[in-house]
Amino acid sequence: MDAHVAHTAVEAVKAVGDSGTKLQDLAWAVLFFPLVCALGTLLFARKDRMLAVGFNIGGVVLSFLLSFVLFAVYGGQRIDCTPFQWLPLEGLNATMGLHLDGLTTVMLLVVTGVASLVMIFSTGYMKDDPGYCRFFMTLSLFVFSMLGIVLADNLVMLFVFWELVGVSSYLLIGFWHEKPSAGDACKKAFLTNRIGDFGFMLGILLVWAACGTVNIGGIELAIAKDPHVLGATASLAGLLIFMGAMGKSAQFPLHIWLPDAMEGPTPVSALIHAATMVAAGVYMLCRLFVLYTVPAAWPASLDFLGGLNAATVISWIGGFTALLAALIAIQQNDIKRILAYSTLSQLGYMVMAVGLGAGLATPNPSAGMYHLVTHAAFKALLFLGAGAVIHACHHEQDIWKMGGLREKMPWTFATFGVGTLALVGCPLFAGFYSKDAIFATALESNPVLFGLAVAIACMTTFYMCRLVIVTFFGSARTESADHAHEVAGSMKWPLVALAVPSLMIAWLPLGDFLAGHFDAHYHSHGGDVLFGPFNHNALAAFFGLFAFMLGVSAAFAVYWGRSKDPLPAKLGQLSRAMRNKFYFDEIYEAIVVPVHDAAAAVADWLDRWVIGGLGVRGVTGVADFAGRALRLVQTGSIQTYTFLFAAGVVVVALLALK
Amino acid sequence: MPEFTDLLFYGLAALTLGFGFLTVANPFSRNPVTNAMFLVLTIISMAGLFVLLHAFFLAAIQVLVYAGAVMVLFLFVIMLLDLPEENRRQIKTLTLGLGTIAVAAIAGIFIKAISHAAPLAASDRWLDGETKPLGKILFETYLLPFEILSLLLLVAMVGVILLSKKDLK
Amino acid sequence: MNHSLITTEILVILLGLGVLLADLWIRPESRPALGWLAASLLGCILALSLGALTPHDGSAFGGMYVLDGLARYFKGFFLLAGILVILMTVEFRHRLPVGLSEFFALTLFALAGMLFAASANDFILMFVSLELITVTFFVLNSFQRARLPSLEAGVKYLILGGVASAFMIFGIALIFGSANTTNFSLVAAQQAQLAANPVFLTGLMLVLVGLGFKIAAFPFHLWAPDVYQGSPAPATAFLSVGSKAAGFVLLLRVLFGAVPQITSQWQVLLMVTAAITILYGSLCALPQRNFKRLLGYSSIANAGYLLLGVAAESRTGSSAVLYYLGGYFFTVLAIFTVLCSLSSTIDNDEISALNGLGRRSPFLAAALSIGLVSLAGIPPMVGFFGKFQLLAAVLEAARLAPAFYVLLGVAVVGVVLSLYYYFNVIRAMYWGDAPAGVSLIEVSAPARIALLVCLAGVLYLGIAPGGLLRLADGAVAGLKFSPAHAPSVVTAAH
């Protein structure tokens, strides 16, 4: 579209907005279109495939278009939509409102854009599945919940949608519920997330108790007025809220569910477990970033923690997760698992960047958010590409059983290549710029984590190049790889559509736009966007370039022309540990199972002895206990109950009357 | 030197407790009829206590209704059932011991509470033995609970018929 | 005197008598229709009682009976429960060989007792209405007299209920002896002297014991699992919703109407009771294989959560109790309606009997899942919001007494445990293997209506809790809370 025409259109829309109808209330439509479509499918299109596809894709695409309108009209303005009085009670003033600003509109575009493309891809990928309509319906439900998280203007609403996202993710991971592994995986994901969510809820309560409001804008105001408003619980509240992010964004030690979540259909992995839902944690940290800018404070009982900042803890947890996942990814052979660990690692990166952002001279988490956006594009691309490969190889997922797919699937290869180059941080591709923003933040805030980040970037390049070399180059190593051929158009074009932003999104001044959102006085470091990194912080940029080149050359040296992984022989035990994900599942099992058994045993003991026959055991021998117990259940137990009742009266009297 | 009425009170109270105990746990006889007769004695001793409180009407009702009508019903049921010796309830030492402990503990709490309380003034006794004030209380002040009790009796009747009638159609 | 205030109760009693008499003339086949009629007439009474029947607040019978916001809230609650329980009974009729009409009539009489309890402002009226409820439940619990567990449930409830009543009436005697009145308002007027009188305190404590029995709070909860397991499902449902709520409204009236000053001295007692009740219920529910027994333990745990709101001793806490009861009402009735619908095809209450329900009746399975998910406290169900309100009240109280943080921890532990046992049931429904050769389960129209009403309540109140919260908050406006508490933080922030 001609720039002038676009400008006129925007002005026209603005005029409508000024004339009384509030244009920002379109955000409600963005939010509810997917829900309406999901309900429509449930009621009218449970059997009709065409109708279901039309409904759901139509709804999400419409949401995308409206988001674009909102972005075009408002840009980075901060606007609240007309709220819906949700809890008009004195005390808990929770209105259900939507908030638009630079951060939320960008996130809206990411969610609806990726969701539209993934849905189109799914029409081809899920063609033969009996649960076709259910699949689209659940995806729409997910999009609705995710948009709710993005748009929510208060913590209670955010939490509600947070849980809804958990539920829809549960439904989608367990989509093939006839597979036991899928059932286990969705349960694991759900329960792990609940642990995080409890922390989140307590955090919300603490913030509410301190600030007297759950409205995010209100909290920002309260903290701006008095940075000590959170009192002694400032750091605790920050960490409890981070626990929510820990669950959703799969940070150590709650990271174990994400790799297993790959049991769901591949488009689900692309949308939920790579691009959007797992990023919700990072988004939420950015949205509530103000909580991490306050000075450290602990309750008296935790005084020994001293000046330890919540943000510092967050950055170290992120860094550790990134390192751990990168190490594991190096020795995985399942194409989806490599991508899953890569996602974990990149999420760790983002979380680390947000934590480090709080340590800057002017606190600013935009590096993490920037990486979130670019990552959403190229990681969705990579997952969909992997889906295409898996589809073509008849559901073979082991990369060592593929090979030589370059000639057979040229489109997939080309787009997957673009995604990989973006992820590993090749200059000109999106990932290079967002990673550079993280490097620059780290260099300024914490040099140790900067070193760690560069090392992880190096590993990322290494395992991604390994994946591409083994899958697409060489010669086909199995029958199914030999017979693979290019996928159909419905799957091909979404790949192409995602390849474009993976390459070019960083050519727009997106980084500056996001940074400007958090820091009104932010000045662009000037000059050409493409060479910006070298102007801004040359050292960081050169280290990024260096990590990229080192990783590529190492991968080519080790894997070019191999048909078997040479690393296990060289690394021995270490390789085994990496392959087995450092035994986290086993360790958790070893801890959780005995605790669980012990709790069950205690419960059983209470039920059997305290209720069934207190006082019986001491008098009679163990030998005739069984017989007596039976009789007790029939007639004697009322007497036991009555006695315990009377004993209860005595205890209560002693407590009450002293 | 305690007054004569005080002595009477302690005597009757002791009798009530003693007979009550023999009603639930009689070491000499396990015949239910004996237990029922001890219940009659308990009720009569309680009627004596009412007399001491000048509540003559209540004392009379206690004897007429409980010792008279209700107990006769009880005895009929016991005799109609005619339980054989081995089916009758055995008193277990353990149960008895636990029961005694519970009762003693609760009694201890009462004694402690009452011993710390200031005695009531005599003028606080506003319900004198006449039938007329009692009727006024029942049918004026406590009219609503009194009427609800009639509903309660209806429920009890329906319940008994339902649970005991041989075959309800 | 304003005797017209009790019109609602009189109409309910007349309806009960009418049902009892009508049974003499109608044919046995048309007894379910009698249930329909009773439910719809009860609906009319509910509609009338909201406005036209008793337009003004006030008190009657010398201040013994009051009609205020609290009473109105609970009367609406009980009437709605009565309607749903009668519909449920129609659905359950295959398991009640005799006396269907009497079951309706007894339900109505128990309902009348609850309506009186909601308005009781006098220890005697409180005792008598509680007795009416309890005695009716003796009969309802043992209604399936051919089934041994049902008889056992009735006998256990009878004996323990008798013990509880004995303690309570003894307590009332001591209260009367020391305060010279049984009226809550008159007791409140002289509570400064009474607070120092050990006889009065003992009496009050014994009254609380009796109420503790009603709500199944530790250590007076022992009857709950056995009775829940053995009783017919509609009776259990009414017991867990109506009887428990009656206990709570009286608890609130006694603690915050009659003796607010003494209550503030007993905060620790309330806290300890709440904590142990939650833990006990949750821990014992873990190994349960019988669904109704599980619900019995769950009901104990929920009594514990409700006690959290009472222990907070604040307006927020009490309105949270009312809100939670409202949500609990829809949730529990939904679950029991499903059980009643299953009663014609599934003949035991084991969790394993629910295996494969997701395929046999997707509607019932979905309804049961929504109910359980709400009990577990997951948004957007009403159970979540109720727990949120209660925890918020606890947190508010914790700013004055840090010991409440411990209570908060206990509540969280209870919630986590509850997830496990509720999801066990959901797992059985969706992932369990259905026994071979079973058919689809048909759901009848009354059950469908009752279920849809309950589910709409669970979801609507969870998504838009504002209306009920306002109502609950207004209802507790008349209660007095100890002046020891500073005005709440939240209102201060306003």
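Colleague: At what angle do helix H4 and helix H21 of chain A pack, and how far apart are their axes?

Modeller: Helix H4 (residues 102-125) and helix H21 (residues 489-504) of chain A pack at about 155°, with axes 7 Å apart. That makes H4(A) roughly antiparallel to H21(A), a term for angles over 145 degrees. Axes are lines fitted to C-alpha atoms over the stretch in contact, and angles run from 0 to 180 degrees between N-to-C directions. Helices are DSSP runs of H or I with at least four residues, strands are runs of E with at least two, and both are numbered from the N terminus.

Colleague: What should I know about the model and its numbering?

Modeller: This is a predicted model, in which local features need pLDDT of at least 70 and side-chain atom pairs count only at pLDDT 80 or more, while totals for chains, interfaces and linings use all residues. Residues are numbered from 1 along each chain as its sequence is written, and chains are lettered from A and ligands numbered from 1 in the order in which they are written.

Colleague: Back to that helix pair: which residues meet?

Modeller: From H4(A), A:Leu117, A:Ile120, A:Phe121, A:Thr123, A:Gly124 and A:Tyr125 meet A:Ser490, A:Met491, A:Pro494, A:Ala497 and A:Leu498 of H21(A). Contact here requires C-beta atoms, placed from the backbone, within 7 Å. By class there are 8 nonpolar, 3 polar and no charged residues. Ala, Val, Leu, Ile, Met, Phe, Trp, Tyr, Cys and Pro count as nonpolar, Asp, Glu, Lys and Arg as charged, and the others, Gly among them, as polar.

Colleague: And H15 with H18 in chain A, at what angle do they pack?

Modeller: H15(A) (residues 366-392) and H18(A) (residues 430-445) pack at about 160°, with axes 9 Å apart. H15(A) is therefore roughly antiparallel to H18(A). Their contact includes A:Tyr370, A:His371 and A:Phe378 of H15(A) and A:Ser434, A:Lys435 and A:Ile438 of H18(A). It has 7 nonpolar, 5 polar and 1 charged residues.

Colleague: Why is helix H11 of chain A described as largely enclosed?

Modeller: Of the 10 residues of H11(A) (residues 266-275), 10 are buried, so the rest of the structure largely encloses this helix. Among them are A:Thr266, A:Ser269 and A:His273. A residue is buried if 20 or more other C-beta atoms lie within 10 Å of its own, exposed if 12 or fewer, and partly exposed in between.

Colleague: A:Leu240, then: buried or exposed?

Modeller: A:Leu240 is buried, because 22 other C-beta atoms lie within 10 Å. It lies in helix H9 (residues 234-248) of chain A. Leaving aside neighbours within four places in sequence, A:Leu240 is in contact with A:Gly199, A:Phe200, A:Leu202, A:Gly203 and A:Leu206.

Colleague: Which residues touch the most other members of the largest nonpolar core?

Modeller: They are A:Val282, A:Ala380, C:Ala117, C:Val209, C:Leu308, C:Leu333 and C:Ala334, in a core of 452 residues. Helix H15 (residues 315-342) of chain C gives the most to this core, with 18 residues. Such a core is a set of buried Ala, Val, Leu, Ile, Met, Phe, Trp, Tyr and Cys residues joined through C-beta atoms within 7 Å. A second, separate core of 6 residues includes B:Leu39 and B:Ile43.

Colleague: How many residues of chain B are in contact with chain C?

Modeller: 24 residues of chain B are in contact with 31 residues of chain C. H6(B) gives the most to the chain B side, with 13 residues. That side has 19 nonpolar, 3 polar and 2 charged residues.

Colleague: How much of chain C is buried?

Modeller: Buried residues make up 65% of its 494 residues. Its secondary structure comes to 22 helices and 2 strands.

Colleague: Where are the cis peptide bonds in the backbone?

Modeller: One joins A:Phe252 and A:Pro253, with omega about 5°. Another runs from C:Phe218 to C:Pro219, with omega near 0°. C:Pro219 is in the loop between helix H9 (198-215) and helix H10 (223-230) of chain C.

Colleague: What is phi at B:His54?

Modeller: B:His54 has a positive phi of about 70° although it is not a glycine. Most residues other than glycine have a negative phi. B:His54 is partly exposed, with 14 other C-beta atoms within 10 Å. C:Glu313 also has a positive phi, near 50°, and is buried, with 27 other C-beta atoms within 10 Å.

Note on methods: Two residues are in contact if their C-beta atoms, placed from the backbone, lie within 7 Å. Angles under 35 degrees count as roughly parallel, over 145 as roughly antiparallel, 65 to 115 as roughly perpendicular and the rest as oblique.
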